[in-house]
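User: Hello! I am new to this structure and would like to learn how to read its features. Could you guide me through them?

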Amino acid sequence: MFVCEVRFECFADTTISAAQHAINHLLEAWRANGQILGREFAVSFNDGEFRARLMLPAQDSLANRHNSPWAKAALKGLTDAKLLPPREKLLGQDINANESATQTPEWQLLYTSYVHMCSPVRSGDNLLPIPLYKLPATFNGDHKQLIRWQTEWQACDELQMASATKAEFAALDELCNVGSDLFRRGWDLRGRIEYLTKIPTYYYLYRVGGTSLQDEQARPCPRCGSASWRLDEPLLDMFHFRCEPCRIVSNLSWDYQ
């Protein structure tokens, strides 16, 4: 990932509120398309210029060829706010973040956690995140629904990791249960991505708990009941189970690793 500063210069008199609306509209459009990462974006104003510091999946993430219809409309909206097109200054690579996948994978999966702000679509070859704007739009021209699912998954993950309230158990049910709303929506999005990309796409089903290591190793696929989904060797040193028909990967319970 890369850190980039984006500058918006005024070409005529404007107001803070008009500029704020236009800039935030563009940032939300870029976020919905996976071109910038994170949830909050600080925008400063000084000497007639607005500046935003952003996290990008790749150096060229803000190139016009990646823009969604919403982002293109938002760029035009800058003119109405008396702002020039944005100027980008790449500050460098983020040393604390993952690189993005650059090669088309043989398979891919939906995988995230509360500590990750990168794309939830990962390469099955190396688990590196695949920038969402490189995928066909999932719905309505961009990836808003996929990012919303990721945000909710991360919220549940943070609750269960904190282990401080009764909400932990409701959150775990959403993460681990194939009957949960979170699973259903994520699994449907997975299918949509597979249909659009023609690449086998799997859903990561989080697993914790269980009664014993023996029972855990013998547990069947929770969606179809298949007992043959256990792998001889874990994929990517993490996934011990994979069900091909159900397009699910899962880990051996963290309690027994």
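Analyst: Gladly. Let us begin with an idea for reading pockets: a pocket is an open set of grid points with protein on both sides, and its lining residues have an atom within 4 Å of a point. Keep in mind that this is a predicted model.

User: Which residues line the second largest pocket?

Analyst: Its lining is made of A101, T102, Q103, T104, P105, Q108, I130, K134, L135, P136, T197 and I199. By class, that gives six nonpolar, five polar and one charged residues. The space in this second largest pocket comes to about 170 Å³.

User: How much space lies in the largest pocket?

Analyst: About 310 Å³. It is lined by 20 residues, and those closest to its centre are G38, R39, H116, M117 and Q154. The lining of the largest pocket divides into 10 nonpolar, seven polar and three charged residues.

User: Which helix gives the most to the lining of the largest pocket?

Analyst: Helix α3, residues 144–162, does, with six residues.

User: Now the sheet, please. What is the order of its strands?

Analyst: First the general idea: strands of a sheet pair through backbone hydrogen bonds, either parallel or antiparallel. Here, four strands form an open sheet in the order β2-β3-β1-β4, and the pairing is antiparallel. At the edges stand β2 (43–46) and β4 (87–93), each with a single partner strand, so one side of each has no neighbour in the sheet. From one strand to the next, the twist averages 25°.

User: How many bridges join β1 to β4?

Analyst: Six bridges join them, with β1 covering residues 2–9 and the two strands running antiparallel. To find a spot on this pair, look at V3, which stands opposite G92 in β4.

User: Which strands does helix α1 lie across?

Analyst: Helix α1 (residues 16–32) lies across β1, β2 and β3 (49–56), and runs at about 15° to β3.

User: Let me try a single residue. Is S68 buried or exposed?

Analyst: A residue counts as buried under 20% relative accessible area. S68 has 3%, so S68 is buried. You will find S68 in the loop between β3 and α2 (69–80).

User: Which residues is S68 in contact with, leaving aside its neighbours within four places in sequence?

Analyst: The contacts of S68 beyond those neighbours are A29, N33, Q35, G141 and D142. For a sense of distance, compare F169: its C-alpha atom and that of S68 are separated by 38 Å, and the two residues are 101 residues apart along the chain.

Conventions:
Residues are numbered from 1 along each chain as its sequence is written. This is a predicted model: local features need pLDDT of at least 70, side-chain atom pairs count only at pLDDT 80 or more; totals for chains, interfaces and linings use all residues. Side-chain values use heavy atoms; hydrogens and water are left out. On a 1 Å grid over the protein atoms alone, a cavity is a set of points where a 1.4 Å probe fits but cannot get out, and a pocket is an open set with protein on both sides within 12 Å along at least five of seven lines; lining residues have an atom within 4 Å of a point. Grid points are joined across faces, edges and corners, and a volume is the space filled by probe spheres set on the points. Ala, Val, Leu, Ile, Met, Phe, Trp, Tyr, Cys and Pro count as nonpolar, Asp, Glu, Lys and Arg as charged, and the others, Gly among them, as polar. Two strands pair if DSSP finds at least two bridges between them. Axes are lines fitted to C-alpha atoms, for helices over the stretch in contact, and angles run from 0 to 180 degrees between N-to-C directions. Contact means heavy atoms within 4.5 Å. Buried means under 20% relative accessible area, exposed over 50%, partly exposed in between (1.4 Å probe, protein chains only).
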